[in-house]
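Welcome! Take a moment to look over the sequence and the 3D view, and then we will walk through a few spots together.

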Amino acid sequence: MDNSFEEINFKLNSKENFIFKKKSNLFIPTGTTNLLLNSIINYNPKPGKLLDLGAGIGINGIILKLKKIALSPVYLSDLNKNSIDCININADKYNCKVVVKEGSLFDPWKNYKFDIIVNDVSGISSKIAEISNWFKGVPCDSNEDGTKLTISIINEAKQYLKKNGKLFLPIISLCNKKKIIDELKRNYSNIELLKTQEWPLPKEILDHKALLDRLENENKIYLKSKFGMKIFETSIYMVNN
């Protein structure tokens, strides 16, 4: 088992910076995590029992507890055992009481109900994940169109949300975003787009033009051309049970 840790700085905004411990084979938080967190904080839901799904090193759950959106304890889970170690260490640092479980998606949470579920599980094409720097040494079992895990969460979340409970999730255009949004509409009547942000496609992905063209032609990803750059976007949605 990997027992080595590194420190990462997570900048929530221009004034707030957090330091978290991370093991080398874990996902490094990206701008999507930052956008998701800030969207939830700006939405300012009523504080409640919160599940951080695909918690990684615990950034979402811990910060939302510090922001008084998550009540104590915070519930967090991830498939990777090394994530569990990091979450416990980071929670201790920030004096955050947690219930942490290892397992896939909702598997660890049978018979639990939550006021708020935050989904930060991988939601991009597995082909894009393979060539990106985001998933070095980290599996991304999301299928070629990037929808597998997100659609599972959308379909199952209703069983784990209390009445009027809220699910927050990012939809990234490096997947078949239309398929995911259609699935949201089939499952929920109250859907709100909180924030959208555009990002330039990183060079290590741009270098694979033939792959990008194929995925675009098959509607497995959606890109824009802007200012001579290829652009993708992240949209943060809230759905009410």
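Is Cys86 buried or exposed? Cys86 is buried, at 0% relative accessibility. Here, buried means under 20% relative accessible area, exposed over 50%, and partly exposed in between, using a 1.4 Å probe and protein chains only.

## About the model

This is a predicted model, where local features need pLDDT of at least 70, side-chain atom pairs count only at pLDDT 80 or more, and totals for chains, interfaces and linings use all residues. Residues are numbered from 1 along each chain as its sequence is written, and side-chain values use heavy atoms, with hydrogens and water left out.

## The cysteines

The structure has zero disulfides, a disulfide being a pair of cysteine sulfur atoms within 2.5 Å.

## A buried lysine

Lys23 belongs to strand S2 (residues 17-23). Helices (H or I, at least four residues) and strands (E, at least two) are DSSP runs, numbered from the N terminus. Lys23 is buried, at 1% relative accessibility.

Its side chain makes polar contacts with the side chains of Asn82 (3.3 Å) and Asp85 (3.2 Å). A polar contact is a pair of N or O atoms within 3.5 Å; within protein, one must be able to donate a hydrogen and the other to accept it, and residues adjacent in sequence count only if both atoms are side-chain atoms.

## Backbone spots in the loops

In the loop between H2 and S4, Lys68 has a positive phi near 65° and is exposed at 65% relative accessibility.
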